[in-house]
Amino acid sequence: MRLYVTFTSPYARLARIIVIEKALEDRVEIISAKTRSAGSPYYQINPSGRVPYLVDDAGDGMEDSQLICAYLDSLDGKPRFHSASHPPDWAYLRLEFAARSMCDGIAVWGREMVRPENERSPTTLAHERARAQRMADFFEARVADPLMQGPTRMAHLILAVAVETARKRGLGDLTAGRGRLASWMRSISDLPSMQRTAPP
Ligand SMILES: N[C@@H](CCC(=O)N[C@@H](CS)C(=O)NCC(=O)O)C(=O)O
């Protein structure tokens, strides 16, 4: 299989984490894609131009970290980061999708920050800065929840990647003044899969 990534994308990082966690490194080749570039040869592979993008053993391509992580996690028939519980675990899913929402905002911030300074929107940056603070407060109040303390699931990985992306992209340390989130982050940031996928 081939996994197209950029090493700065938080979404591609989630897929790379699952590759490591599920011991798929021998089966998945990680390929650096040229995104956001007119005429990039990558557009012949994935017309949306986004990463992550996985081409499976049958040659079928799929995009979006949510689908790719679930697919990779399911390959051995023993998913660890996703549950197929019936009825769905709504309490857990609420946390996972809140973490995704936080990550989406931080990704918008990151995208804005890679633009030349005179092209950045102060309105967008202020909006995302405020959203990130609200979401950090939200998780400060919830990381003690058993759902955020138990075995690592996608919600944990997404929140940790979001907080680390914020720090890396100049949005600041969202754990500052948030002791519970800070100590929760320390434990997850120590995972070898988090350390090995840290953004450059
Ligand atoms: N919802 C998608 C988001 C993917 C995404 O936005 N990727 C960004 C990098 S963080 C990208 O490829 N941007 C290039 C572009 O928009 O052309 C996912 O979860 O995979």
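Tutor: Start with handedness. A crossing is left-handed when the near helix is turned anticlockwise from the far one by less than a right angle, and right-handed when the turn is clockwise. This model is predicted, so keep that in mind throughout.

Student: Is the crossing of helix 1 and helix 7 left-handed or right-handed?

Tutor: Helix 1 and helix 7 cross in the right-handed sense.

Student: At what angle do helix 1 and helix 7 pack, and how far apart are their axes?

Tutor: The angle is about 135°, and the axes of helix 1 and helix 7 lie 10 Å apart. Angles over 145 degrees would count as roughly antiparallel, and 65 to 115 as roughly perpendicular. Helix 1 and helix 7 are therefore oblique to each other.

Student: Which residues meet where helix 1 and helix 7 pack?

Tutor: From helix 1 come Pro 10, Arg 13, Leu 14, Ile 17 and Ile 18. They meet Met 154, Leu 157, Ile 158, Val 161, Glu 164 and Thr 165 of helix 7.

Student: Now the sheet. What is the strand order?

Tutor: The general idea comes before the case. Strands of a sheet pair through backbone hydrogen bonds, in either the parallel or the antiparallel sense. Here 4 strands form an open sheet in the order 2-1-3-4, and the pairing is mixed. Strand 2 (29-32) and strand 4 (61-63) are the edges, each pairing on one side only. Leaving direction aside, neighbouring strands are turned by 20° against each other on average.

Student: In what sense do strand 3 and strand 4 pair, and over how many bridges?

Tutor: Strand 3 (residues 53-55) pairs with strand 4 in the antiparallel sense, over 3 bridges.

Student: On to charges. How many salt bridges are there?

Tutor: The count comes to 13 salt bridges. For each pair, ask where the partners sit in the chain. Then ask about exposure. Take Arg 196 and Glu 25, whose side chains meet at 2.4 Å, N to O. Arg 196 is in helix 9 (residues 192-196), and Glu 25 is in the loop between helix 1 and strand 2, 171 residues apart. Arg 196 counts as exposed because its relative accessibility is 52%, and the cut-off for exposed is over 50%. Glu 25, at 38%, is partly exposed.

Student: Is Arg 153 buried or exposed?

Tutor: Arg 153 is buried, with a relative accessible area of 15%. It forms a salt bridge with Asp 89 at 3.8 Å, N to O. Asp 89 is partly exposed, at 27%.

Student: Which residues are linked in a network of salt bridges?

Tutor: Lys 22, Asp 73 and Asp 76 are linked in this way.

Methods. Residues numbered from 1 in each chain as written. Predicted model: local features only at pLDDT ≥ 70, side-chain atom pairs only at ≥ 80, totals over all residues. Heavy atoms only, no water. Pairing = 2+ DSSP bridges. Helix = DSSP H or I, 4+ residues; strand = E, 2+ residues; numbered from the N terminus. Axes fitted to C-alpha atoms, helices over the stretch in contact; angles between N-to-C directions. Salt bridge = Lys/Arg side-chain N within 4 Å of Asp/Glu carboxyl O. Buried < 20%, exposed > 50% of the residue type's maximum accessible area, 1.4 Å probe, protein only. Parallel < 35°, antiparallel > 145°, perpendicular 65-115°, else oblique. Contact = heavy atoms within 4.5 Å.
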